[in-house]
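Thanks for coming, everyone. I'll take you through one structure today, a few places at a time. Have a look at it first.

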Amino acid sequence: MWARQRVCRALVPALISLVWVIQSWAQPVPEVVGVSHGAGGEGVRLTLHFSDPPAFSIFTLTNPNRLVLDFPAMNWDLPEGSFEDVPYVAQGRFGLFRADRARLVLELAEPVAVDRAYVTTPAEDVPARLVLDLSLSTQAAFDARAGAPELARWQGTPPEVPAPVAGDIVIALDAGHGGVDPGASFEGVTEKAVTLTFAKELAAELDQRPGYQAYLIRDTDVFVPLAERVERAHRAKAHVLISIHIDQLEEGVASGISIYRLSEKATDAAAAALAERENRVDLLAGIDLGGQDDDLTMVLIELAQRGTKVESAKLANAMLATLTGQVRLLRSRPLREANFRVLKAPDIPSILLELGFLNSGADRARFADPEWRALTASLVADGIARWRAEASPGFLTPR
């Protein structure tokens with residue numbers, strides 16, 4: 001009997017996964033078409049409107065407090081700021097979490113309890129609805145219930161790694177953000193879309209140059225955790241990692257490209273704030289990072305990074321020298337430093353390339369201009385070639 005119980009317990013995760021797949025296949029791919037809220041019991045009723053009834057799962061996470069809902073892959077026809085006025089909610093993010101799964105992450109202003117969660121079937125002129133009744137909770141009660149089920153953890157298939165070519169150097173191109181994490185956004189333009197477009201065009205530019213091979217860390221609009229981005233660069237045996245981003249100022253005006261290299265001490269408050277925002281994207285996408293940092297591991301990484309940081313500085317300087325006088329650079333200190341997690345590969349020279357600012361009209365026009373993108377991609381490729389001519393031989397050998 002005990003053996004039979006152990007077998008049953010072992011089969012539960014697989015059976016749950018099978019039910020999820022069957023539910024996903026058994027109904028049309030739904031589209032989220034609206035959000036509404038009002039009073040519900042002793043708290044708030046949050047309602048998501050769908051084109052078809054969705055399968056869903058729900059869980060909570062702490063540090064910060066988040067309510068996470070997972071669905072089969074679907075389209076999100078929601079305007080920016082759809083969750084801004086919902087009580088208990090600080091902000092909401094939605095989009096693909098994996099190729100087969102969509103996710104809504106509500107960062108909470110206060111701890112809540114989910115009293116009821118159910119789906120209604122559509123009727124005439126009334127869409128299908130997912131109804132959540134939320135009420136205030138204590139932090140202790142919220143903490144006791146929090147935790148991501150195993151099936152909700154991130155799993156992703158990386159883009160195929162091309163076969164190595166003798167003598168080529170591999171450049172890993174990291175298009176910032178993606179999927180459930182849009183990055184900066186302004187007037188319908190998202191950072192994740194601009195960075196992916198530029199990364200693909202830069203990859204095409206590099207691939208047509210003898211001796212260079214590009215690898216896209218993400219090649220679709222899908223979320224990839226920060227540590228996985230570095231791991232994909234390793235699996236591709238990359239010699240260089242370039243992470244591509246766009247900034248957005250909460251106040252003031254700025255325009256132009258800037259280049260960041262890794263440093264524990266940021267160039268200024270703006271650089272520190274940017275790194276803090278970028279380093280939080282895993283949390284805001286609904287990933288539980290508890291216990292991931294190991295002190296001994298971090299010390300070993302710091303030791304290994306010493307030589308790589310010198311090479312990263314060479315790469316940043318080569319990129320700056322190539323871009324200067326050719327495209328608009330950030331007027332105040334275009335070469336900057338900050339503590340970005342995605343630049344912490346201990347053995348791969350890495351820089352972060354900020355293409356500009358979304359709340360700059362001039363920069364947005366440049367992002368949309370194929371001639372500007374082609375020129376900038378060509379110059380970035382030239383910057384990599386300049387670094388290659390100056391690099392220490394050990395960083396150019398096959399990985």
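Which side chain makes a polar contact with the side chain of histidine 49? Serine 36 does, at 2.9 Å. Keep in mind that this is a predicted model. Histidine 49 sits in strand E2, residues 43–50. Its relative accessible area is 18%, and the cut-off for buried is under 20%, so histidine 49 counts as buried. Set aside the neighbours within four places in sequence, and histidine 49 still has contacts, among them Glu31, Val33, Pro127 and Arg129.

Next, a sheet. Four strands make an open sheet, ordered E3-E4-E7-E6, with antiparallel pairing. Strand E3 (57–61) and strand E6 (89–98) are at the edges. Each has a single partner strand, so one side of each lacks a neighbour in the sheet. From one strand to the next, the twist averages 20 degrees. E6 pairs with strand E7, residues 101–108, over eight bridges. Glycine 92 stands opposite leucine 106 in E7.

Now the rings. How many aromatic pairs does the structure hold? Seven. Take phenylalanine 97 and phenylalanine 223, which are stacked: 5.6 Å centre to centre, with 15 degrees between the planes. This pair links distant parts of the chain, 126 residues apart. Phenylalanine 97 is in strand E6, while phenylalanine 223 is in the loop between strand E13 (212–216) and helix H4 (226–235). Phenylalanine 97 is buried, at 1% relative accessibility. Phenylalanine 223 is buried too, with a relative accessible area of 1%.

Then tyrosine 260 and phenylalanine 340. That pair is edge-to-face: 5.3 Å centre to centre, 80 degrees between the planes. Tyrosine 260 lies in strand E15 and phenylalanine 340 in the loop between strands E16 and E17, so the pair ties together parts 80 residues apart in sequence. Tyrosine 260 is buried at 4% relative accessible area, and phenylalanine 340 is buried at 1%. Ring pairs also link Phe50, Phe71, Trp76, Phe83 and Phe94 into a cluster.

Helix H9 runs over residues 370–390, 21 residues. At 1.5 Å a residue, H9 should span 30 Å, and its end C-alpha atoms are 31 Å apart, which agrees. Aspartate 369 caps the N-terminal end of H9, with a side-chain oxygen 3.0 Å from the backbone nitrogen of glutamate 371. Buried residues in H9 include Trp372, Thr376, Val380 and Trp387. Helix H3 has 17 residues, 191–207. Buried residues in H3 include Val194, Phe198 and Leu202.

Key: Residues numbered from 1 in each chain as written. Predicted model: local features only at pLDDT ≥ 70, side-chain atom pairs only at ≥ 80, totals over all residues. Heavy atoms only, no water. Helix = DSSP H or I, 4+ residues; strand = E, 2+ residues; numbered from the N terminus. Expected span 1.5 Å × (residues − 1). Buried < 20%, exposed > 50% of the residue type's maximum accessible area, 1.4 Å probe, protein only. Polar contact = N/O pair within 3.5 Å; in protein donor to acceptor, adjacent residues only side chain to side chain. Contact = heavy atoms within 4.5 Å. Pairing = 2+ DSSP bridges. Axes fitted to C-alpha atoms, helices over the stretch in contact; angles between N-to-C directions. Phe/Tyr/Trp six-rings, centres within 6.5 Å; stacked < 30°, edge-to-face > 60°.
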